[in-house]
Amino acid sequence: MRWTFRFAIPASVLLLTLCTVLYIKFAQIWDQYNAPAYAWASLKNSFRGSKLDNPPAIVGKVEDKVVIMAKVESEDTQWVAENLPDWQHSIYTVDPSAGTSNDTLTTPQNKGHESMAYLTYIIDHYNSLPSTLVFVHPHRRGFSEAWHTDTPLHDNVDALSTLRIPFVQQNGYANLRCNWNPGCELPHRKNKHIKPEIWREVFAGASRSVFSLEEKGLREEDYVPGEVGAACCAQFAVSKDRVLQRPLSDYEGFRKWVIDTKMNDAMSGRVLEFLWHVIFGMDAV
C-alpha cells in the first residue's frame, strides 16, 4: 500500500503537469485559429446553402488596386479572377517548369517564401504602382491552411472585399491580421528570427531601417531594436505613397539579401515576415 502511494503522488503531479501543458497549447491554438468564430460562421453558412462558395459577382471596372501573391505551379489561384474582378492581380509562380507558359509571372529564384514575389513586384513596377497594394497568400480559405486570414471563415475573398482602402491610404500600412497571436504578444517580441546581426544584414546599405529614428534622436548605425513585434503571417496592405518613401535601391537590396543569405527558403522568408511592417514605415513594435 505504501509502495503504491509513493508512486501515486509523482504520477499525479506528472499527469497534472502534462494536462496543464496540453491545455495551454490548446488555448494558444484555439486563439490563433479563432476557432469559435470559425465554427459559428461555418454553422451559419451551412444553413444558407453554402452561399460563400458562389459569392455574388462584383460589377465594375478594374480599380487602382492590386493583389500580389506567390504560388507554386500546382496551386489553383483562379479564385482571384473569379471573385475579385475589380482588383488587378499579379500572381508569381515560384517553381516554373518546362511547360510553364511565357506569359506567367515568375521570380528570379524560389527562395524566401512569398517575399521574393512581393519584392519582385515592387522592383518591377516601382515607377507605375497602383494606389493600393495588397500582399496575400495563394490559398483562398480553410481552417488549417488559411487560419491566419483574419475573417470568420479565414477567407481572403472576404478579407479583401471588406478591406477599408481609405484606412490603408491614411495609415500607409495595415497588417491584414488583427489577432496579436502569434507574433505580437509580449512573449513573442524577443523575436528569435530577428537577431541583431540579421537586422544589420537586412538593412545594410538601405536608406534607413525604422522611419522614426531621427524623431527619437537615434543614429542608424547604433540602432538595433530590443524587441520586434508584428502579427503573423505576411499578409498586409500598403499604399503607393508609403512604398515610395523608400528608394528603389532599398527593395533591390532586400531581395539581394534573400538571394544571398545562407538561410534556407523558410527561414529567410520568416525573417522578412517579421520585418514588413518596419520596411513600410512602422516602428519595430
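These legends go with a set of close-up views of a predicted model.

**Close-up A. Helix 7 and its buried face.** Helix 7 covers residues 196-203, and I198, W199, V202 and F203 are its buried residues. Look down the helix axis and these buried residues fall within an arc of 115°, so they line one face of the helix. What do the buried residues of helix 7 pack against? Their partners are helix 9 (248-260), helix 10 (265-273) and helix 11 (276-279). After helix 7 comes G205, with a positive phi near 85°.

**Close-up B. The largest nonpolar core.** This core has 44 residues, and the ones that touch the most other members are L133, W199, F203, Y251, W276 and F280. Which elements give two or more residues to the core? They are strand 1 (65-71), helix 4 (115-125), strand 4 (132-135), helix 7, strand 6 (236-239), helix 9, helix 10 and helix 11. Helix 4 gives the most, with seven residues. Apart from this core lies another one, made of 17 residues, including W79, V80, V134 and L163.

**Close-up C. The surroundings of W276.** W276 is one of the residues that touch the most other members of the largest nonpolar core. Leave aside its neighbours within four places in sequence, and W276 is in contact with S115, Y118, L119, Y173, A234 and F236.

**Close-up D. Strand 6 and its two strand partners.** Strand 4 and strand 6 run antiparallel and are joined by four bridges. In this pairing, V134 stands opposite A237 of strand 6. Strand 5 (residues 173-175) also runs antiparallel to strand 6, with three bridges between them. Here Y173 stands opposite V238 of strand 6.

**Close-up E. Side chains of strand 6, with S239 in focus.** Which way do the residues of strand 6 point? F236 and V238 go one way, A237 and S239 go the other way, and all of them are buried. Is S239 buried or exposed? S239 counts as buried because its relative accessibility is 2%, and the cut-off for buried is under 20%. With neighbours within four places in sequence left aside, S239 is in contact with S131, L133, V168, Q169 and G172.

Conventions:
Residues numbered from 1 in each chain as written. Predicted model: local features only at pLDDT ≥ 70, side-chain atom pairs only at ≥ 80, totals over all residues. Heavy atoms only, no water. Buried < 20%, exposed > 50% of the residue type's maximum accessible area, 1.4 Å probe, protein only. Arc of directions from axis to C-beta. Contact = heavy atoms within 4.5 Å. Core = buried A, V, L, I, M, F, W, Y, C linked by side-chain atoms within 4.5 Å. Pairing = 2+ DSSP bridges.
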